[in-house]
Structures are given as C-alpha cells and as structure tokens.
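Hi,

Here is the structure I promised to pass on.

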Amino acid sequence: MLRRQCARESAARTYARALPIVPVRARGLTIEGADGRRYLDCLSGAGTLALGHNHPVVLEAVRKVLDSGAPLHALDLATPVKDTFVTELFRTLPAGLAARARVQFCGPAGTDAVEAAFKLVRAATGRTGIMAFTGAYHGMTDAALAASGHARDVRVTRLPYPQDYRCPFGVGGPLGAELAARWTESLLDDPKSGVPLPAGMIFEPVQGEGGVLPAPDEWTRRVRRLTEDRSVPLIADEVQTGVGRTGAFWAVDHSGITPDVMVLSKAIGGSLPLAVVVYRDDLDVWAPGAHAGTFRGNQLAMAAGTATLAYVRENRLAEHAADLGARMLRRLGELRERYACVGDVRGRGLMLGLELVDPTAEAETERETAARDRTETGSAAETGAAPLTAPGRRPPPAAPALAAAVQRECLRRGLIVELGGRHGSVVRLLPPLTLTDEQSAAVLDRLADAVEAVACERPARVGERFGPPGQGHRTAGPVRGAGGAQ
C-alpha cells in the first residue's frame with residue numbers, strides 16, 4: 001500500500017512521508033497499523049480529534065443521524081441537526097460575542113473559513129488590506145496563504161508576533177511584547193507608514209505551525225484595544241486552538257477579549273469536515289449568495305460536532321487540558337535541563353512544543369557576539385556614541401535535522417508526533433483532551449527516550465543513520481499506558 005501510495009499520489013503529500021504507517025484501527029489515543037504495531041497518536045488529525053479516535057459519543061451521534069433517515073446533504077437549509085449544533089456552539093462562545101453573533105457555514109476546511117472571514121470584513125468596512133503576524137499559518141488557499149508566514153507573493157502587512165525564545169527585538173518577555181504592540185500601533189497611526197487602515201487583522205492566540213507560541217494575555221488585550229479604537233475588525237483564528245485545546249474552551253478566553261470574528265474548524269466537526277465563521281451581527285452585510293459552498297451543510301459533521309462540543313463542556317475537558325498540560329510542560333522542562341539540543345519548551349494546555357537546536361553552534365555564536373561587541377565598543381569610543389550591546393543571549397540555531405531525527409525515533413517507539421516551527425525544528429504534541437495521567441506518562445517516556453537517542457549521537461551523523469523504521473535501530477518494548485483508550 002505504501003508503494004502504491006508513493007506511485008499514485010501527489011508529491012504534495014506531507015504526513016505520509018514522515019509517518020510511513022497504514023492505520024487500520026483506532027480508538028482514543030491509540031492507532032493500530034496494518035503491520036499490527038500500535039502507536040500513541042499525539043498528532044490527533046492535526047488537532048482535529050479533541051476526543052481522540054472513534055469516541056463513543058461521536059460514533060453514537062453519527063449512527064443516530066444515519067439511522068434516522070435524515071438527509072446527509074442539505075446545502076444551507078435549516079435542519080434539526082444544524083439547529084442543535086448552532087445552539088451548542090453559541091453556548092460555548094465568549095459572552096460578548098454570543099449575545100450578538102451570526103454564523104456563516106462555508107466550505108469544510110479551516111482555510112475556507114479564513115477566506116470567508118477576509119471577504120466578510122472587506123465587505124463590511126469597504127477597505128481591502130489585511131494585517132497578519134510573522135509565523136502565522138491560516139491555510140493553503142490563496143488569501144489564507146497570503147496571510148501565512150511562508151507566503152511568497154506578499155499582499156498582507158506583516159506584524160511582529162511576540163515570543164520569548166527568539167524575540168524579533170532580542171529581548172523577550174513583557175518588554176518584547178510591548179515593542180511588538182508599539183510597532184503595530186505605529187503602523188496603524190503613522191500616515192507615512194505606507195500601510196492604509198486595513199479591513200481586518202487576523203491572529204492566532206497560540207501559533208501552532210509557527211512553533212507553538214502562546215501570545216501573552218496582556219499583548220492580546222493591547223491588540224484588541226488597538227483594533228477596537230480604530231474600528232478594525234479583529235479576527236481570531238481558533239481553527240486549531242479551539243474546543244478546549246489550550247486549557248480554555250476558546251484560546252481568547254485566557255485574555256478575556258471578545259474578537260469581532262472567529263474562524264473555527266477542526267475539532268468543531270468532531271473528526272469530520274466542518275468550518276464556520278462566527279461574527280458580530282453588525283458585520284453581516286452580505287447579500288444572499290455572496291459566499292456559499294456546496295458542502296456547507298454536512299449533517300454528519302454537525303452531529304459529531306455537537307456531541308464533541310457538549311462532551312468537552314460537560315466534562316470540563318478544557319480544565320483537564322490546562323492541568324495536565326502544565327504538568328507535562330514541567331516534565332518537558334527537565335529535558336531542556338538535561339540535553340543541550342533542547343533549546344526551549346513551551347505551550348498552553350495540550351498544545352505543547354519542544355524546539356531542537358544545534359548546541360555545537362552555540363560556542364561559535366558566543367565568540368562572534370563577543371567579537372562584534374568589542375568592535376562596536378571600540379567604534380563607540382571613537383565617536384562618543386553609546387555602545388550597541390545585545391540585551392540578551394542569542395539562542396543557538398534551529399536544528400531541523402535533529403527534530404526530524406527525534407520524530408523518527410518517536411515513531412520507532414510507537415509515538416506519533418508532528419514537526420512545526422520556523423525551520424521545522426519544533427516537535428509538537430497535540431494529544432486528545434481525554435488523555436489520562438498514565439497515557440501522558442507513556443507519551444513523555446517515549447519522547448524522552450527518543451531525545452536521548454538523538455542527543456547521544458554525534459551531530460554530524462544524525463542525518464545519516466536513519467533508514468526506514470525498524471531497520472537496524474532499537475525499538476522500545478512495551479511502555480505503560482501504550483494500550484490506553486477510552
């Protein structure tokens with residue numbers, strides 16, 4: 001099957017390259033491959049599976065619709081299934097938005113919701129520009145890609161996204177976030193900035209593909225004030241962060257802000273394709289048919305989504321994610337202390353990341369910095385200017401080869417993880433919200449073992465030694481919690 005896939009499918013395939021497995025059964029955290037091996041899945045359909053694979057409440061909701069004789073395709077007609085979904089969705093929204101919200105069903109992917117949101121704010125404001133942030137990921141269709149961090153044909157104004165480890169201003173912390181906010185304010189208010197007042201600003205409360213970067217709550221509140229004072233609609237991309245993933249039902253809940261627009265997908269469909277845009281009623285200026293989509297009425301996805309939303313809410317899984325995620329982050333911090341190749345660990349709730357760096361380059365970086373500082377100090381003495389000294393220590397370079405090696409070693413040990421970050425150097429964990437303490441221990445045991453295996457190799461050989469899984473390298477035996485499932 002893998003050979004046929006390679007021969008027949010597009011070269012654009014991604015996960016299939018790094019994860020050469022053939023899933024045949026799945027339940028909860030666990031996937032079983034065609035070869036009989038079992039894996040702990042911390043990819044979760046790129047965050048889609050809030051309750052893990054084939055959760056009983058999701059299966060029951062889907063079966064109920066199938067057995068009822070209800071239409072499976074209904075375009076945008078009202079149905080009992082849709083009405084129940086919208087009611088449950090509105091029950092979870094930030095209070096300031098739920099009281100006056102409208103919902104637009106669009107195409108079934110998150111990128112479709114982003115495209116619809118851009119069209120919405122442009123129609124409502126009469127303006128055309130969009131502001132987005134460095135490191136962003138909003139999808140792969142045209143406008144969504146233009147607003148993402150890896151765009152080539154730039155048609156969107158880029159703003160600095162605050163982060164501590166690789167702060168664009170070299171300071172990190174509250175000061176770095178303050179500088180990022182001031183830069184944004186300057187672009188909005190400076191008549192000579194070259195940036196007209198935009199139709200909207202889009203941001204992720206936690207950047208996922210950008211490297212698992214949680215936005216500071218105070219910065220988020222500051223951005224909300226900046227956009228609100230200037231009548232710029234603020235679009236929160238909660239495609240991956242929503243439905244309890246970050247330890248709050250919606251990631252914007254951490255900061256207490258109310259965005260003007262929210263784009264939602266992934267977990268809201270309960271593992272099936274569904275995407276919506278939720279926005280303030282005064283933005284609802286569209287004419288009939290201004291935005292449509294053949295598959296906007298996916299009844300099975302709405303049923304599965306209703307079951308998922310209700311289960312997360314009723315069982316307080318967001319709180320569970322916050323507590324368990326904090327404990328997992330502390331243990332990941334131990335890896336940072338133990339291994340020089342682990343540069344940083346970060347995350348929020350059950351959205352966690354571990355950045356791999358090249359520790360051999362650190363000494364050279366420090367020598368170059370010292371030499372530069374000596375040169376700049378000498379120049380300053382000649383001119384009477386203040387010396388230009390770096391306010392903080394520059395982190396080592398990202399190490400994508402090491403991250404890929406850790407991913408491969410994880411797979412050998414029966415653990416599925418994703419890579420992300422600016423250079424693909426961040427190992428990402430997106431386990432289901434139903435993760436238990438025992439399962440989290442098994443996940444972290446396998447990850448720690450994989451990091452140790454890579455860290456103990458000579459760096460020059462890391463890219464050479466890895467063949468297909470299972471060829472000539474140790475695979476861990478049974479690990480506690482490996483069979484855990486709901």
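**Strands, rings and a surface patch**

Leu40 has Leu415 in β15 as its bridge partner. Bear in mind that this is a predicted model. Strand β15 (residues 415-416) runs parallel to β3, and two bridges join them. On the antiparallel side, β3 (residues 38-41) pairs with β2 (residues 30-33) over three bridges, with Ile31 standing opposite Tyr39.

Now the aromatics. The count comes to seven aromatic pairs. Take Phe133 and Tyr161: their ring centres are 6.1 Å apart and their planes are at 80°, so this pair is edge-to-face. It links distant parts of the chain, as Phe133 is in strand β5 (residues 130-133) and Tyr161 is in the loop between β6 and α9, 28 residues apart. Both Phe133 and Tyr161 are buried. Ring pairs also bring in Phe203 and Trp219, giving a cluster of Phe133, Tyr161, Phe203 and Trp219.

Elsewhere, Phe105 has the charged end of Lys82 over its ring, 4.9 Å from the centre.

Last, the surface. Phe169, Val171, Leu175 and Trp183 make a nonpolar patch of about 350 Å². Phe169 lies in the loop between β6 (157-159) and α9 (173-189), and is partly exposed, with a relative accessible area of 32%.

Cheers

Methods
Residues numbered from 1 in each chain as written. Predicted model: local features only at pLDDT ≥ 70, side-chain atom pairs only at ≥ 80, totals over all residues. Heavy atoms only, no water. Patch = residues over 30% accessible without salt bridge, like charges linked within 9 Å, V, L, I, M, F, W, Y side chains within 5 Å. Areas by Shrake-Rupley, 256 points an atom, 1.4 Å probe, with all protein chains shown as cover. Salt bridge = Lys/Arg side-chain N within 4 Å of Asp/Glu carboxyl O. Helix = DSSP H or I, 4+ residues; strand = E, 2+ residues; numbered from the N terminus. Buried < 20%, exposed > 50% of the residue type's maximum accessible area, 1.4 Å probe, protein only. Phe/Tyr/Trp six-rings, centres within 6.5 Å; stacked < 30°, edge-to-face > 60°. Lys NZ or Arg CZ within 6 Å of the ring centre and 35° of its normal. Pairing = 2+ DSSP bridges.
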